[in-house]
Each structure stands twice: as C-alpha cells, then as structure tokens.
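This briefing reviews selected local features of a two-chain model. The sequence and the coordinates are shown below, followed by notes grouped by topic.

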Amino acid sequence: MQTSTIPIPIDRAKIGDRLIPLCSSPILPKPARECAEYFTQRFPSDRAEYLDPSQRTIVVTNGGPYKSYRLPLRVRLVDRVVWFCTASGRTSPSGTKSASAQIRRLTRSITAIGRKTSIGYGAVGRWDVEEIPDDWSWFAPDGDRLVLMRPLPDGDWLPKNLDGFVREHGPCASPYWNSAVYMPIVLPC
Amino acid sequence: MSQRTYRLFCLSTAISPITHAQGSAGNESLLFREPVVTPQGVRHVPALSGNALRNRLIRDPGAQWLTDELGLFGTFTRDKLAFLFNGGNNPQAGGRENTRIISDLRRLFPLLRVLGGNLPNQIVGGYLQSRRGTLVCRENAQRLRELCPFPMPETPLRPAESFVSGYQYTRGDKSRQEPQMLADGHAEMSGSALMIFSGQAVTAGAIFVHEFILRDCSELDLGAILLSMQYWRARGATVGGMSGKGHGVLDTMIHVDPEADTDAAVKAYTEHIRANRDACRALLDEALRWEDPEEKAAKKGKAKKAG
C-alpha cells in the first residue's frame with residue numbers, strides 16, 4: 001500500500017518501500033496543567049411525551065443502545081505546539097510560491113487540533129511559520145546524540161547514536177489507521 | 001452550491017446569574033471552570049463548556065424547530081428522539097456504512113449535516129466547532145486578543161473572581177407548614193423534606209465571548225444554525241442549570257464572518273425544510289430503522305430452520 005500520499009507541500013523521503021514525510025511529531029512544552037475532563041450524553045427522557053405511545057416503555061440507561069455515558073478526556077494545557085518540517089515550494093497557477101507561504105495558507109483554515117474540537121478543545125489562536133537553516137524533521141541533535149523526532153521504520157539505516165526512542169509495531173506514515181501499513185518502527189519517547 | 005467557512009462570533013452578556021455547574025463540594029454546587037495560564041500562574045476561571053453551548057444554542061432548539069415543522073410530536077421512536085435531540089447512539093456498528101443515507105441526510109437536513117450524529121449503524125460526521133464561552137476578565141486578556149475579531153478595549157479588565165457570586169434557596173416542607181392537609185396518622189411520621197441548597201454563580205452582567213465555526217458550509221447550513229439560535233432566543237435564551245428559577249439568561253450578539261445575508265439564509269433554510277417535509281420524514285424513518293439484536297437473531301434462526 002502506498003503511504004503518505006496527502007497532497008501537501010511537506011517533502012517526503014523513501015525508506016524501503018515507504019514514503020515518509022519529513023515532518024516531526026508534535027512537540028509540546030511541559031503542560032502547565034494536565035487533567036481529565038469529561039463529556040457526557042444521556043437519553044432525552046425529559047421529552048418522553050414526544051415518543052409515539054407504543055415507544056413509551058422503560059428505557060435502560062445503564063447499558064444497551066441508550067446507555068448514558070460520562071467519558072474522560074486527557075487534557076493538557078499548553079501554550080504552543082511545534083513541528084519541524086522540510087518543505088519545498090511548488091509551482092501554482094499563479095506562479096511559484098515559497099513553501100512557507102503555502103504552509104501558512106493551508107494552516108490558516110485549521111481552527112482546532114486534536115480530539116473533541118467540536119466542543120471547543122484544541123482551539124488554535126494562530127499559526128506561525130518560521131524558516132530555520134537546520135532539518136530537525138526526523139532527528140535533532142542533543143550533544144553527541146541524535147534524538148528521534150517522529151515514528152520511523154526500524155532497521156540498520158537508523159543512526160548509531162540515536163536516542164529517545166522505543167521499538168514498536170505500528171504505522172509510521174499515513175494512512176495511520178490502516179493496519180496494512182503497520183511494520184516494526186521506532187517511536188519517540 | 002457554494003461552500004465556505006463561516007465564523008459566528010458571539011458576545012453574550014449574563015442577564016441573570018449563570019449556574020453552569022461542574023460538581024459540588026459538600027452541599028454547595030461549584031461552577032464549571034477551566035485552567036488558564038496567566039503571568040501569575042495557572043488560574044481556574046469560570047467558563048461555559050462548548051458542549052453546553054452547542055447543545056443549548058444549536059442542537060436542542062434546532063431539533064425542536066424540526067419537530068414542530070415536520071409534525072413529529074408524539075410520533076418519535078426512541079432512536080429518532082435520541083438522534084435528533086442528543087446525537088444518538090451507535091449500537092450496531094458493523095463495518096457497513098450506507099453512503100446514500102449519509103448523503104441524503106446531509107442534503108435534506110442541513111442542521112444534521114452541521115452537527116453530525118450517530119445513526120444506529122453508522123457515524124455521520126459534523127462540520128461545526130463550538131468554542132467555549134470565555135469570560136471577559138483579566139486572566140483571559142491574552143486569549144481574548146486572539147479570539148476577538150475586534151480590537152479589545154484598552155480599559156483594565158476585572159479579575160475573574162470578582163464575577164463569582166453565590167445563591168441560596170430553600171425548599172419548604174409542606175407537611176410541616178400545613179400538617180392539617182395530611183391524612184390521619186401521617187403528621188407524626190418523622191423526617192423533614194426541608195432543604196437549603198446553595199452554590200456558586202457567575203454574576204449578572206458578566207460577558208462571555210464564544211464562537212461557532214462552520215467549516216465548508218452552505219447558505220442553508222448557516223441558515224440552520226441562525227434559525228436554531230433565533231429559536232433558542234425566543235424560548236428564553238438560557239444556558240446552565242436552574243433556568244426554571246430565572247438563572248442563566250444570556251443576551252447574545254452575533255457577528256458573522258464573512259458577512260452574509262442572515263435573513264436570506266434563514267429564509268432559504270425554512271423554505272428548504274418546508275419543501276422537503278415528506279422526504280425528510282421518510283428519510284428519518286429509513287435511517288433510524290433500528291433492528292433489535294434479539295429480533296434479528298430470531299429472524300436468522302427462523303430463516304435457518306426454513307432453509
């Protein structure tokens with residue numbers, strides 16, 4: 001299966017038969033606060049009179065199709081999330097645009113990230129795109145060691161001085177949900 | 001039909017105390033708060049949850065309007081009621097998604113296209129992001145600059161705690177007040193139902209900033225949201241608990257970005273639903289035909305026997 005085919009101006013490199021984006025995992029500062037919040041749902045029995053008389057029976061709300069729930073969300077309070085990526089400008093109908101400009105244009109429409117954005121979590125105030133001279137999309141220097149920055153295929157090709165990773169079996173490129181792309185990988189930790 | 005992203009920026013002033021609660025400490029109910037990073041450290045500031053705003057301002061009044069318009073009162077199945085008013089449940093998830101039903105549902109019901117929901121056997125994604133209600137206070141000054149489409153006034157803001165007040169009510173015990181109304185022998189029965197209950201409230205006059213973001217939506221979708229908010233306003237415009245005692249009334253101003261003809265959008269939506277009344281009813285019947293697992297198993301058993 002082909003991986004990483006989403007048409008965005010992030011560069012990709014091939015490891016074996018997999019195309020891997022040159023983009024780090026999201027990097028979060030130490031959260032100012034980390035907690036669980038909850039979201040809930042219950043059957044609208046306060047509108048019982050709306051039901052057809054034949055449907056006005058006892059509704060089980062602690063199990064089955066109308067089970068009420070109060071589910072936790074892991075919430076981390078951070079002021080920014082950072083990614084490092086490598087991107088090349090592409091020729092658009094209106095001329096060649098820099099990669100920064102293209103990423104700025106694409107991110108402008110992203111108003112929230114993460115889970116439960118429909119109820120206000122992960123709201124993004126603004127996106128800043130800055131150019132830096134180094135490529136820290138896969139590995140970042142830490143003294144004489146290299147720190148892993150994103151999930152990558154496990155293998156002999158990895159730098160010998162790599163640090164900050166665990167070995168897993170999973171996806172390292174989109175479609176992340178598809179188990180057909182799962183393989184031995186190294187994950188940042 | 002052209003699609004674009006609309007942002008509905010809302011400025012809501014509390015007309016009465018807001019009691020949007022999160023939990024309790026002893027007998028006192030506590031306000032819903034969110035942690036906010038300030039130069040003085042993390043502070044817990046009263047807020048309105050996105051879930052509450054989404055349900056109270058959009059889903060509930062929007063579903064009520066559809067109920068009235070389609071004449072569904074007294075005809076609901078349990079699944080239809082849960083789907084329209086609470087987003088439904090998904091008890092039969094089985095790896096089969098009927099794309100015709102999803103596309104028909106989105107075409108006929110702009111409100112459900114925007115909100116999404118769970119049909120018994122498939123999830124229909126929504127396009128609406130409901131931001132939290134952010135209290136206009138000193139702790140939120142930085143965030144408000146990011147949130148507000150207008151420049152914030154230069155006047156210093158008051159601290160969040162200055163907007164927190166309390167309430168206390170008493171529930172009387174009729175059997176103690178008028179024991180002569182009781183049947184013989186019941187006056188001596190012990191136990192009093194007298195109760196004092198209290199809690200925290202956000203003071204009337206406080207202002208909340210919140211926003212609804214409609215991604216890739218049409219004029220009909222915008223009309224559905226605006227009509228729902230009009231209906232919410234007409235039915236009391238409350239959030240949080242104890243609206244029966246006059247709490248939680250908001251006066252909300254809405255700014256739509258990009259500018260749109262809001263009256264035309266609402267008119268287009270109402271005309272769309274009225275023109276497709278029968279099709280809407282038929283589709284709800286079809287989409288929410290829930291098959292009881294026991295009945296299904298029984299049918300299978302019969303088919304096997306017949307085979």
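B:Asp60 and A:Arg47 are both buried (under 20% relative accessible area, with exposed meaning over 50% and partly exposed in between, for a 1.4 Å probe and protein chains only). The two residues form a salt bridge whose closest N and O atoms are 2.9 Å apart; the term denotes a side-chain nitrogen of Lys or Arg within 4 Å of a carboxyl oxygen of Asp or Glu. B:Asp60 belongs to helix α1 of chain B and A:Arg47 to the loop between β3 (33–41) and β4 (69–77) of chain A, so this pair joins two chains. Helices (H or I, at least four residues) and strands (E, at least two) are DSSP runs, numbered from the N terminus.

The model is predicted: local features need pLDDT of at least 70 and side-chain atom pairs count only at pLDDT 80 or more, whereas totals for chains, interfaces and linings use all residues. Residues are numbered from 1 along each chain as its sequence is written, chains are lettered from A and ligands numbered from 1 in the order in which they are written, and side-chain values use heavy atoms, with hydrogens and water left out.

**Further salt bridges**

- Side chains of opposite charge can pair when their charged atoms come close.
- Over all chains, the count comes to 22 salt bridges.
- A:Arg126 and B:Glu146 form a salt bridge, with 2.7 Å between the closest N and O atoms.
- This pair also joins two chains, because A:Arg126 lies in the loop between α1 and β7 of chain A and B:Glu146 in helix α5 (residues 141–147) of chain B.
- A:Arg126 is exposed, at a relative accessible area of 52%, while B:Glu146 is partly exposed at 32%.
- Within chain B, the side chains of B:Glu34 and B:Arg132 meet in a salt bridge at 2.9 Å, N to O.
- That pair links distant parts of the chain, 98 residues apart: B:Glu34 is in strand β4 (residues 33–38) and B:Arg132 in the loop between β8 (128–130) and β9 (133–135), both of chain B.
- Both B:Glu34 and B:Arg132 are buried.
- A network of salt bridges links A:Glu37, B:Glu34, B:Arg132 and B:Arg143.

**Helix α1 of chain B**

- Of the 21 residues of α1(B), 17 are buried, so the helix is largely enclosed by the rest of the structure.
- B:Thr67 is found in this helix, which covers residues 50–70, and is buried with a relative accessible area of 1%.
- Leaving aside residues up to four places away in sequence, B:Thr67 touches A:Tyr50, B:Leu72, B:Phe73, B:Phe76, B:Leu84 and B:Phe85 (heavy atoms within 4.5 Å).
- Just after the helix, B:Gly71 takes a positive phi of about 65°.

**A mixed sheet in chain B**

- An open sheet is formed by four strands of chain B in the order β2-β3-β11-β10, with mixed pairing; two strands pair if DSSP finds at least two bridges between them.
- β2 (21–25) and β10 (164–171) stand at the edges with a single partner strand each, so one side of each is left without a neighbour in the sheet.
- β10(B) and β11 (residues 195–202) of chain B run antiparallel and are joined by eight bridges.
- B:Tyr167 has B:Gly199 in β11(B) as its bridge partner.

**Backbone exceptions**

- Most residues other than glycine have a negative phi, and most peptide bonds are trans.
- A:Ser174 and A:Pro175 are joined by a cis peptide bond, with omega about 0°; A:Pro175 is in the loop between β11 (165–170) and β12 (183–188) of chain A.
- The bond from B:Asp257 to B:Pro258 is also cis, with omega near 0°, and B:Pro258 is in the loop between β13 (250–257) and α8 (262–275) of chain B.
- A:Lys116 is not a glycine, yet has a positive phi of about 55°; it lies in the loop between α1 (99–108) and β7 (139–142) of chain A.
- A:Lys116 is partly exposed, with a relative accessible area of 26%.
- B:Met242 likewise has a positive phi, near 60°, and is placed in the loop between α7 (219–234) and β13 of chain B.
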